[in-house]
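Dear colleague,

Please find the structure below, together with an account of what was found in it.

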Amino acid sequence: MIGREEALNSIRKARALLAGRMRKNAGYGVYLHASEQLERMADELGQPGPAPAASRRWVDIGLMAVRELEASDSELANAPMEADHDFRHAR
């Protein structure tokens with residue numbers, strides 16, 4: 001299991017990288033979707049008590065990163081994939 005703070009750090013890192021890319025292309029749908037998912041992930045981890053794993057099935061940012069970003073921006077693709085993994089395994 002991964003601690004909440006570690007998962008939140010992964011999410012923060014992904015959000016910081018994404019913010020830089022969004023300044024150059026704010027309307028890109030992949031960036032918008034990633035931003036929404038990262039925000040929701042951070043919000044959920046900020047709630048008290050353990051979140052059931054079943055409630056995390058809405059997360060698709062890791063898959064999206066592989067499909068849409070990996071070939072063109074591997075640095076950005078790796079951050080959401082790590083955030084996705086850490087979020088899904090956070091206590």
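Before the helix pairs are described, a definition is needed: an axis is a line fitted to C-alpha atoms, for helices over the stretch in contact, and angles run from 0 to 180 degrees between N-to-C directions. Helices are DSSP runs (H or I, at least four residues), numbered from the N terminus.

The model is a predicted one, in which local features need pLDDT of at least 70 and side-chain atom pairs count only at pLDDT 80 or more, while totals for chains, interfaces and linings use all residues. Residues are numbered from 1 along each chain as its sequence is written, and side-chain values use heavy atoms, with hydrogens and water left out.

Helices α1 and α4

The axes of α1 and α4 come within 8 Å, and they cross at roughly 155°.

Contact is defined as heavy atoms within 4.5 Å. On the α1 side, the residues that meet α4 include I11, L17, L18 and R21, and among those on the α4 side are E75, L76 and F87. By class, the residues of this contact of α1 with α4 divide into ten nonpolar, one polar and six charged. Here Ala, Val, Leu, Ile, Met, Phe, Trp, Tyr, Cys and Pro count as nonpolar, Asp, Glu, Lys and Arg as charged, and the others, Gly among them, as polar.

Salt bridges

A salt bridge is a side-chain nitrogen of Lys or Arg within 4 Å of a carboxyl oxygen of Asp or Glu. How many salt bridges does this rule give? The count comes to four.

R21 forms a salt bridge with D73, and their closest N and O atoms are 2.8 Å apart. R21 lies in helix α1 (residues 4–24) and D73 in the loop between α3 (61–68) and α4 (74–89), so this pair ties together parts that are 52 residues apart in sequence. The side chains of E75 and R21 also meet in a salt bridge, at 3.1 Å from N to O. Since E75 belongs to helix α4 and R21 to helix α1, the pair ties together parts that are 54 residues apart in sequence.

R21 counts as buried at 19%, and D73 is buried at 14%. E75, with a relative accessible area of 48%, is partly exposed.

Another salt bridge joins the side chains of R12 and E5, at 3.1 Å from N to O. R12 is partly exposed at 43% relative accessible area, and E5 is partly exposed at 46%.

Helices α1 and α2

Helix α2 covers residues 29–45, and its axis comes within 10 Å of that of α1, with a crossing at roughly 155°. The two helices, α1 and α2, are therefore roughly antiparallel to each other, and α1 passes α2 in a left-handed crossing. L8, I11 and M22 are among the α1 residues in this contact, and Y31, L38 and L45 are among those of α2. The residues of the contact of α1 with α2 divide into 13 nonpolar, one polar and five charged.

Helices α3 and α4

α3 and α4 pack at an angle of about 160°, with their axes 8 Å apart. They are therefore roughly antiparallel to each other, and the crossing of α3 and α4 is left-handed. I61, G62, L63, A65 and V66 in α3 meet A77, P80, M81 and D84 in α4. This contact of α3 with α4 has seven nonpolar, one polar and one charged residues.

A65 lies in helix α3 and is buried, with a relative accessible area of 0%. Leaving aside neighbours within four places in sequence, A65 is in contact with E70, A77, P80 and M81. The C-alpha atoms of A65 and P48 are separated by 28 Å, although these residues are 17 residues apart along the chain.

Note on methods: Buried means under 20% relative accessible area, exposed over 50%, partly exposed in between (1.4 Å probe, protein chains only). Angles under 35 degrees count as roughly parallel, over 145 as roughly antiparallel, 65 to 115 as roughly perpendicular and the rest as oblique. A crossing is left-handed if the near helix is turned anticlockwise from the far one by less than a right angle, and right-handed if clockwise.
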